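Q: I would like to learn how to read a structural model step by step. Could we take a few features in turn, with the general idea before the particular case?

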Amino acid sequence: MSSATNHAVYIEDDFPDELYDYISINYYLLAKRLMDLLLTMVLAVPALIIIALCAVMIKRDGGPAFFSQPRVGKGGVVYHLWKLRSMVPDADRLLEEHLARTPAARKEWETMQKLERDPRITSLGRYLRKYSLDELPQLFNVFVGDMSVVGPRPMLPQQRAHYPDTAYFDLRPGLTGLWQISERNGCTFVERAKYDSRYSAFISLSMDLWIIWRTPFVVLSGTGV
């Protein structure tokens, strides 16, 4: 066997699997980031038109058209998520008052971290949420790198205590994701973690593209709240 062949075999045998994994995941993350930027630029014009029309209708109800709230991002870093406002002003106070006088609602909130009949949501806000139009401003969060097009559902800082796994913190939150196209509103907050863990275990561009392809069908079915 030639010295060149010996050298090639030595390099191949000595190349650790961990390095292959490191290179593979970094190529994936780069491709994912490029896909995020490409999609936000492609969607920018139609999204801005829809956002502008919705903002005008929201302003007619009084109060600001946009709403910003802290969310937990990759590595536990807190960022500010942007949405079209779908709730009444002073919604946090109204929620506490509602939970204080309605024990069944408090139990539902503690289990699901949402309410089927949420008194904070405006009439227009119900339609915005039903078809996920309120989430379009999060394209800005994707563009600046706080979020990704595909990832876990963004989590509130106070919800960290209820989250039973760590997969969420290894990923950027997403506009859409495995949970968003699956049970969506049919599972508890704790059960959401299994979708994050499954996505993290099988993460790939092919899975991301499949989730993106499935998302419009789920959105048009009107299962958002």
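This is a predicted model: local features need pLDDT of at least 70, side-chain atom pairs count only at pLDDT 80 or more; totals for chains, interfaces and linings use all residues.

Q: Let us begin with the strands: in which sense do β1 and β2 pair, and over how many bridges?
A: The general idea is to look at the direction of the two strands and then at the residues that face one another. Here β1, residues 66-72, and β2, residues 78-84, run antiparallel to each other and are paired over 7 bridges.

Q: Turning to a single side chain, is arginine 192 buried or exposed?
A: One reads this from the relative accessible area, where a value under 20% counts as buried. Arginine 192, which is found in helix α7 (residues 192-201), has a relative accessible area of 12% and is therefore classed as buried.

Q: Which residues does arginine 192 touch, leaving aside those up to four places away in sequence?
A: Arginine 192 touches Arg153, Pro154, Trp179 and Cys187; moreover, its side chain reaches the backbone oxygen of arginine 153 at 3.3 Å.

Q: Why does one use a probe to look for empty space?
A: Rolling a probe the size of a water molecule over the atoms shows where empty space is left. In this model there is 1 cavity of 30 Å³ or more, and the largest cavity has a volume of about 40 Å³. Its lining includes Gly151, Trp179, Tyr195 and Asp196, and by class the lining residues are 5 nonpolar, 3 polar and 1 charged.

Q: What is the volume of the largest pocket, and which residues lie nearest its centre?
A: The largest pocket has a volume of about 1,200 Å³, and of its 49 lining residues, Arg71, Lys83, Met87, Arg120 and Arg129 lie nearest the centre.

Q: How does the lining of the second largest pocket divide by class?
A: The second largest pocket, with a volume of about 690 Å³, is lined by 24 residues, and Leu43, Leu136, Leu175, Thr215 and Val219 are the closest to its centre. Helix α8 gives the largest share of the lining, 6 residues, and by class there are 17 nonpolar, 4 polar and 3 charged residues.

Conventions
Residues are numbered from 1 along each chain as its sequence is written. Side-chain values use heavy atoms; hydrogens and water are left out. Two strands pair if DSSP finds at least two bridges between them. Helices (H or I, at least four residues) and strands (E, at least two) are DSSP runs, numbered from the N terminus. Buried means under 20% relative accessible area, exposed over 50%, partly exposed in between (1.4 Å probe, protein chains only). Contact means heavy atoms within 4.5 Å. A polar contact is a pair of N or O atoms within 3.5 Å; within protein, one must be able to donate a hydrogen and the other to accept it, and residues adjacent in sequence count only if both atoms are side-chain atoms. On a 1 Å grid over the protein atoms alone, a cavity is a set of points where a 1.4 Å probe fits but cannot get out, and a pocket is an open set with protein on both sides within 12 Å along at least five of seven lines; lining residues have an atom within 4 Å of a point. Grid points are joined across faces, edges and corners, and a volume is the space filled by probe spheres set on the points. Ala, Val, Leu, Ile, Met, Phe, Trp, Tyr, Cys and Pro count as nonpolar, Asp, Glu, Lys and Arg as charged, and the others, Gly among them, as polar.
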